[in-house]
Amino acid sequence: MDSVGVAAAAPDTGPGPAWQSKCPWGAPSTTSISCSLADVMSEQLAKELQLEEENAAFPEVVAAAEGPFITGENIDTSSDLMLAQMLQMEFDREYDAQLRREEKKINGDSKVSISFENYRKVHPYDSDSSEDEVDWQDTRHDPYRADKPTTTPRRGFIGKGKDITTKHDEVVCGRKNTARMENFAPEFQVGDGIGMDLKLSNQVFNALKQHAYSEERRSARLHEKKEHSTAEKAVDPKTRLLLYKMVNSGMLETITGCISTGKESVVFHAYGGNATEDKVIPPECAIKVFKTTLNEFKNRDKYIKDDYRFKDRFSKLNPRKIIRMWAEKEMHNLTRMHNAGIPCPQVVILKKHVLVMSFIGQDQVPAPKLKDVTLSSEDMKKAYYQILNMMQQLYRECNLVHADLSEYNMLWHDGKVWLIDVSQSVEPTHPHGLEFLFRDCRNVSQFFQKGGVAEALNERELFNAVSGLNITADNEVDFQAEIEALEKMNEDHVQNHGKKLSTFSSDGDPPIYDE
């Protein structure tokens with residue numbers, strides 16, 4: 001038997017040594033696969049054989065194909081679900097890129113930055129996102145923020161022996177008070193006390209707490225006052241609406257701004273609009289807005305409740321009605337003075353607590369008060385005699401007492417004196433009318449005597465000259481006593497015989513609008 005025959009017969013001899021089964025001179029053992037011609041020509045069988053060869057040669061490619069990566073080579077584009085997932089992933093990538101651009105635009109070079117990390121839609125297999133793009137500010141944990149102080153357990157102390165710490169410890173209480181400051185109102189700036197490890201004593205914390213509460217109440221009061229009343233150089237919404245209606249109706253062309261503020265009103269300058277058939281509007285107007293609170297002028301009720309023209313309409317329970325009566329009172333008094341020829345503003349219209357008058361001045365510049373202007377001796381003497389004449393006219397022809405006459409309520413314009421602010425003016429039959437007249441005489445006399453007018457009368461002589469009474473008292477105390485006696489007699493006469501209320505239809509008053 002030759003060697004070839006021995007080698008071929010070796011596999012059939014059964015189990016033997018390993019070197020016999022792997023003889024280097026033997027022919028390789030091949031298993032013949034029997035198949036038909038149809039199987040050989042089958043395309044499916046060829047693909048299966050090719051796939052087996054590729055799996056045997058490149059096993060890592062098969063492992064990668066089994067992963068979650070979605071590429072254009074290993075997907076079936078005929079599946080609608082797979083196409084929807086690919087489109088959604090592309091949309092999420094564009095959305096995240098837009099968020100990153102917004103972050104960069106908003107933050108800029110600021111040390112404090114914001115993050116939209118919680119709004120991102122990054123998929124776990126999104127290769128565009130990397131860990132280095134996520135800053136510590138994009139996470140919920142801030143490594144630079146100090147942790148809040150830990151509270152003591154329910155038993156009231158921690159530690160053992162000499163290291164015991166109770167809830168009354170100074171350091172623990174200080175840190176706890178610092179943390180409690182965060183409960184203050186947002187308007188109260190407390191700073192980063194926890195980060196600085198600030199320790200506040202109970203006394204300091206209680207003082208800060210009381211101050212925070214008082215500031216919160218004060219801001220609430222200021223807000224309410226601004227909403228419901230006229231403040232300094234400002235008006236409430238209702239008054240602003242009245243002014244808008246005046247401008248829209250063409251009565252006023254424009255309102256330029258505030259020219260004066262007082263204890264009872266705010267005065268604005270405005271340019272007049274188109275005149276009507278029954279109303280002449282001056283080129284420049286003064287808008288007097290009476291304040292709708294009684295906080296700054298609490299004693300104004302005594303000028304109304306004892307005035308027989310308004311006594312039956314007085315109601316102290318409604319402050320807004322008092323303000324309207326106060327504005328109406330000034331309108332009637334100005335009308336009386338204007339009809340008597342006394343230099344004063346001319347009334348244009350009255351709407352609720354807003355009184356429109358002619359402007360005393362020129363080109364938005366109001367006429368100066370008598371206390372602010374420097375007059376020569378001749379002009380000062382001329383002004384004194386003019387005021388004396390106006391006081392007599394006011395008392396005898398208008399049947400009024402100014403009740404607040406001083407250099408603060410007299411303007412100097414066009415070489416003469418103009419009287420303003422007559423809302424508190426009363427009739428001489430008022431229970432305190434003569435007292436108000438004597439006070440006006442004292443103010444006028446003292447001002448012109450200090451101004452160097454030698455002909456100026458003293459207050460008692462000026463009172464007799466204006467009122468026509470002949471009170472011969474040697475001193476001021478007796479003089480005022482006689483004045484009070486006359487007022488008492490007048491009041492008794494009114495109570496016994498009554499007094500006919502003055503009607504304002506004869507004064508030619510402008511119309512009153514109460515919307």
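Two strands count as paired here if DSSP finds at least two bridges between them. The model is predicted, and strands E3 and E4 show such a pairing in it.

Start with that pair. Strand E3 covers residues 252–261, and strand E4 covers residues 265–272. They run antiparallel, joined by seven bridges. Within the pair, Gly257 stands opposite His269 of E4. Three residues lie between E3 and E4, and the two strands form a hairpin.

E3 gives the most, with three residues.

What is the make-up of this lining by residue class? The largest pocket has 13 nonpolar, eight polar and seven charged lining residues. Two domains contribute to the lining. Domain 2 (234–366) and domain 3 (368–501) each supply at least three residues.

Now turn to helix H7, residues 170–180. At its start, Asp169 makes a contact with the backbone: a side-chain oxygen of Asp169 reaches to within 3.1 Å of the backbone nitrogen of Val171. Which residues of H7 are buried? They are Val172, Cys173, Gly174, Asn177 and Thr178.

Conventions
Residues numbered from 1 in each chain as written. Predicted model: local features only at pLDDT ≥ 70, side-chain atom pairs only at ≥ 80, totals over all residues. Heavy atoms only, no water. Helix = DSSP H or I, 4+ residues; strand = E, 2+ residues; numbered from the N terminus. Buried < 20%, exposed > 50% of the residue type's maximum accessible area, 1.4 Å probe, protein only. Polar contact = N/O pair within 3.5 Å; in protein donor to acceptor, adjacent residues only side chain to side chain. Nonpolar A, V, L, I, M, F, W, Y, C, P; charged D, E, K, R; others polar. Domains from an automatic or database assignment.
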